[in-house]
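This briefing goes through a few local features of one protein chain. Please keep the sequence and the coordinates at hand while reading.

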Amino acid sequence: MDTGHRQRPDLPTDRLILFVVKTTATSGNNVVKPLMLIESLEIPHHIDVVNCQVDQWFAEINPLKLVPAIQDKTDSAGLRATVFESSACMRYVAENYDIEGRFSGRTRSEKAQVSSWLAMHNAGLGAQAKWWLTLSNSQEPEIEGALRKIKAAIKNQYRILNDRLANAGQRFVALPDRPTIADFATLPFANDKVAAVADIDFSEYPMLKSWSGIMFALPGVTRAYERMKTFGHVTTCNCSKMQ
């Protein structure tokens with residue numbers, strides 16, 4: 001019987017590899033974060049769709065067997081850097097490919113803002129929204145109290161972000177004039193669709209709602225979301241991309 005087990009594939013060595021899973025209603029929220037950055041920087045890359053449950057070799061990439069994870073192209077010493085967790089992936093890509101600091105900060109002050117707002121997302125909205133999406137389909141009545149607390153925490157994060165974006169000239173989360181990896185991290189959990197799942201009226205956060213519309217219209221973001229829909233669903237999912 002075919003268990004779906006796949007031997008470790010022979011992946012390209014001349015470009016960055018982004019490991020993903022088959023896209024579902026919730027699986028893409030973290031995968032799309034580094035993909036937005038990769039697309040925005042137009043980095044040559046390859047997408048590998050893994051089955052985290054049965055592809056045992058993937059534990060060598062991420063011991064938790066979760067996505068996203070990346071493996072960089074082979075360096076001059078014949079080695080390949082491997083990174084897992086979405087924020088770590090974005091940081092690595094930014095440090096090694098965003099030479100001008102466009103998405104990671106150019107000055108010490110900019111880098112401090114990007115780092116702080118990214119860390120706030122990791123500890124706050126990123127974790128809270130993920131748990132909401134994980135637990136909201138449960139039929140167990142004892143978790144209702146936990147869901148109420150998580151929902152309240154999400155709304156508080158939305159309020160903080162909305163207040164931030166209400167400041168004069170503050171068009172994006174970390175920096176006033178351009179999006180950064182902090183924006184890419186925040187967008188998948190701060191938009192109309194996710195708010196609706198949590199039964200939150202996103203219109204109560206008008207600045208955040210406007211920001212999400214601006215973000216979704218960015219070319220790199222648009223390409224990332226369109227490509228993500230195909231992962232694991234079609235045989236020609238534009239998996240290898242050389243800019």
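Strands and helices here are DSSP runs, a strand having at least two residues and a helix (H or I) at least four, and they are numbered from the N terminus. By that numbering, Lys 65 falls in the loop between β2 and β3. The model is predicted.

**Backbone geometry**

- Lys 65 is not a glycine, yet its phi is positive, at about 55 degrees.
- With a relative accessible area of 17%, Lys 65 is buried, because buried means under 20%.
- The loop between β2 and β3 also holds Pro 68, which is joined to Val 67 by a cis peptide bond with omega of about 5 degrees.
- Glu 85, in the loop between β4 and α2, has a positive phi of about 80 degrees and is likewise not a glycine.
- Glu 85 has 37% relative accessibility and therefore counts as partly exposed.

**Helix α2**

- Helix α2 runs over residues 86-97, twelve residues in all.
- From first C-alpha to last, α2 reaches 16 Å, close to the 16 Å expected at 1.5 Å a residue.
- The buried residues of α2 are Ser 86, Ser 87, Cys 89, Met 90, Tyr 92, Val 93 and Ala 94.
- Their cover includes the strands β1 (16-20), β3 (69-71) and β4 (82-84).
- Helices α1 (28-41), α3 (108-123) and α6 (181-186) are also among the elements that cover these residues.

**Arg 15**

- Arg 15 sits in the segment before β1.
- Its relative accessibility is 13%, so Arg 15 counts as buried.
- The side chains of Arg 15 and Asp 14 are joined by a polar contact of 2.9 Å.

**The cavity and His 121**

- The structure has one cavity of 30 Å³ or more, and the volume of the largest cavity is about 30 Å³.
- Lining the largest cavity are Trp 117, Met 120, His 121, Leu 125, Gln 157, Leu 161 and Thr 186.
- Four of the lining residues are nonpolar and three are polar, with no charged residue.
- Helix α3 gives the largest share of the lining, three residues, and α3 and α5 (144-165) each supply at least two.
- His 121, one of the lining residues, belongs to helix α3 and is buried, with a relative accessible area of 3%.
- Beyond its neighbours within four places in sequence, His 121 is in contact with Lys 33, Gly 126, Ala 127, Ala 185, Thr 186 and Phe 189.

Terms used:
Residues numbered from 1 in each chain as written. Predicted model: local features only at pLDDT ≥ 70, side-chain atom pairs only at ≥ 80, totals over all residues. Heavy atoms only, no water. Expected span 1.5 Å × (residues − 1). Buried < 20%, exposed > 50% of the residue type's maximum accessible area, 1.4 Å probe, protein only. Contact = heavy atoms within 4.5 Å. Polar contact = N/O pair within 3.5 Å; in protein donor to acceptor, adjacent residues only side chain to side chain. 1 Å grid on protein atoms, 1.4 Å probe; cavity = no way out; pocket = protein on both sides within 12 Å on 5 of 7 lines; lining within 4 Å. Points joined across faces, edges and corners; volume = space filled by probe spheres on them. Nonpolar A, V, L, I, M, F, W, Y, C, P; charged D, E, K, R; others polar.
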